[in-house]
Amino acid sequence: LVFGGLGNQLFQLALAKTLKEKWINSEVDLIDLTSHSPVKREWALEYMGIKAKKINNLNLTNRIVVAPMCQYSAIEGSATDWHLMHLGQLSISGSALVFIEATAVEEKGRITPGCLGLYSDDNQIALEKVIKFVKRYGNTKIGIQLAHAGRKASTAIPWLGGNPLSRDNSNSWETVAPSSEAYNSNWPSPIELDTQGLENIKKCFVSSAKRAIEIGFDIIELHMAHGYLIHQFLSPISNTRTDKYGSTFENRIRYPLEIFKAIRDEISSDYPIGVRFSATDWVESSSWNIEEATKFALKLKELGCDFFDVSSGGNSPKQNIISGPAYQTGFASRIKSEVGIPTIAVGQITEPLQAESIISTGQADLIAIGRGMLYNPRWAWHAAEVFKKEAAYPPQYARSHHSLIGLPIPGNPQTK
């Protein structure tokens with residue numbers, strides 16, 4: 001193998017491994033991967049995240065996903081003009097799929113008073129306006145992440161501190177959780193959910209899922225990560241119950257599986273629904289790690305889960321995260337390998353060649369980009385240029401592409 005100026009050691013190693021497997025026992029003795037070699041470019045295009053993917057019955061034009069990102073700009077759970085602007089620009093990004101922010105299934109399931117919800121007719125009307133807008137002008141599929149914040153609810157928006165709202169604040173509310181364990185000593189203790197409370201929240205998830213489908217969302221993701229309510233059930237850090245929903249691994253996964261099944265049973269089998277979960281708590285004393293997460297994923301697959309979005313952490317201030325470029329991809333790779341359904345890798349994936357190495361070596365089926373898309377909403381366009389492929393441009397912006405700089409405009413026709 002002759003490597004040119006690729007400059008990405010991880011990519012080089014992954015590429016070498018895959019090429020070795022691809023060409024072993026063939027007549028090819030030398031593969032030139034220098035920057036001017038057409039071999040490199042053709043091989044890369046065969047595997048690059050720009051290749052199409054299907055989740056259940058949903059066709060995606062490439063492997064690039066915009067991760068859900070809270071905007072803290074809703075009013076009483078309802079979307080505003082900010083969401084028109086925010087999701088409008090992402091819908092023309094060239095990505096295959098855009099997930100809107102974590103959307104609460106009930107009012108007290110919001111992280112902050114500014115978080116989006118889908119628990120009322122007003123919420124549904126406001127959000128439908130946004131989704132119709134982005135579907136009219138955009139070129140991407142639109143997904144929703146349904147969530148409940150549990151004990152991490154009732155906090156101030158980040159630019160106002162992000163701390164729990166004091167009980168005397170008129171915008172605050174009492175939080176609920178599997179157990180009365182507070183997130184830390186500075187947070188209020190939540191109310192432990194009783195049987196009726198558990199049933200009500202399950203119904204809220206089903207109701208919000210139905211509303212999402214009525215609005216026109218193409219895909220649903222259930223948020224079971226980052227220390228929010230469903231993750232709180234999965235982890236022994238936050239779940240100290242002694243009934244059928246606590247103590248053992250089988251009991252801790254029971255309620256999350258019940259929620260998933262309740263939704264799956266109510267919607268068409270060809271409608272895609274998946275789960276984002278934390279693959280580990282990053283806490284040494286917690287048993288919630290990649291081994292338990294993998295077993296949980298296998299149970300979800302049995303119930304008809306169509307994809308996984310694999311993240312980590314968020315449930316304890318004691319977490320010790322080992323972060324770095326693509327630091328969660330190993331978790332996604334393990335889940336994909338052992339469970340065998342479409343898997344999304346997320347977390348500090350920032351460069352096209354880095355994304356390429358993840359997809360081409362089979363570590364994940366799709367890559368999700370969050371903060372990087374806020375910084376550069378045209379990430380997919382630029383990635384396409386790296387590999388000499390075409391991304392989806394709206395016609396109004398097409399002349400910004402280097403190949404169309406000379407596109408004629410009214411009053412200035414192209415000369416012969």
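How much space lies in the largest cavity? The volume comes to about 60 Å³. The structure is a predicted model, in which local features need pLDDT of at least 70 and side-chain atom pairs count only at pLDDT 80 or more, while totals for chains, interfaces and linings use all residues. Residues are numbered from 1 along each chain as its sequence is written, and side-chain values use heavy atoms, with hydrogens and water left out.

Rolling a probe the size of a water molecule over the atoms shows where empty space is left. A cavity is a set of points, on a 1 Å grid over the protein atoms alone, where a 1.4 Å probe fits but cannot get out; lining residues have an atom within 4 Å of a point. Grid points are joined across faces, edges and corners, and a volume is the space filled by probe spheres set on the points. The count by this rule is two cavities of 30 Å³ or more.

The lining of the largest cavity consists of A102, T103, A104, G109, R110, I111, C115, L116, A147, H148, A149 and Y228. Eight of these residues are nonpolar, three polar and one charged (Ala, Val, Leu, Ile, Met, Phe, Trp, Tyr, Cys and Pro count as nonpolar, Asp, Glu, Lys and Arg as charged, and the others, Gly among them, as polar). Strand 6 (residues 97-104) gives the most to this lining, with three residues; strands are DSSP runs (E, at least two residues), numbered from the N terminus.

The second largest cavity holds about 40 Å³ of space. Its lining is made up of S154, P164, L165, R167, W173, E174, T175 and P188, which divide into four nonpolar, two polar and two charged residues.

No disulfide (a pair of cysteine sulfur atoms within 2.5 Å) was found in a search of the whole structure. For C115, which also lines the largest cavity, the nearest cysteine sulfur is that of C70, 4.9 Å away. C115 has a relative accessible area of 2% and is therefore buried (under 20%; exposed is over 50%, and partly exposed in between, with a 1.4 Å probe and protein chains only). C305 is likewise buried, at 5% relative accessibility.

M224 belongs to strand 10 (residues 219-224) and counts as buried because its relative accessibility is 0%. Apart from neighbours within four places in sequence, M224 is in contact (heavy atoms within 4.5 Å) with I230, H231, L234, P256, F260, V275, R276, F277, S278 and F296. The C-alpha atom of M224 is separated by 10.0 Å from that of V310, 86 residues apart along the chain.

Terms used
1 Å grid on protein atoms, 1.4 Å probe; cavity = no way out; pocket = protein on both sides within 12 Å on 5 of 7 lines; lining within 4 Å. Helix = DSSP H or I, 4+ residues; strand = E, 2+ residues; numbered from the N terminus.
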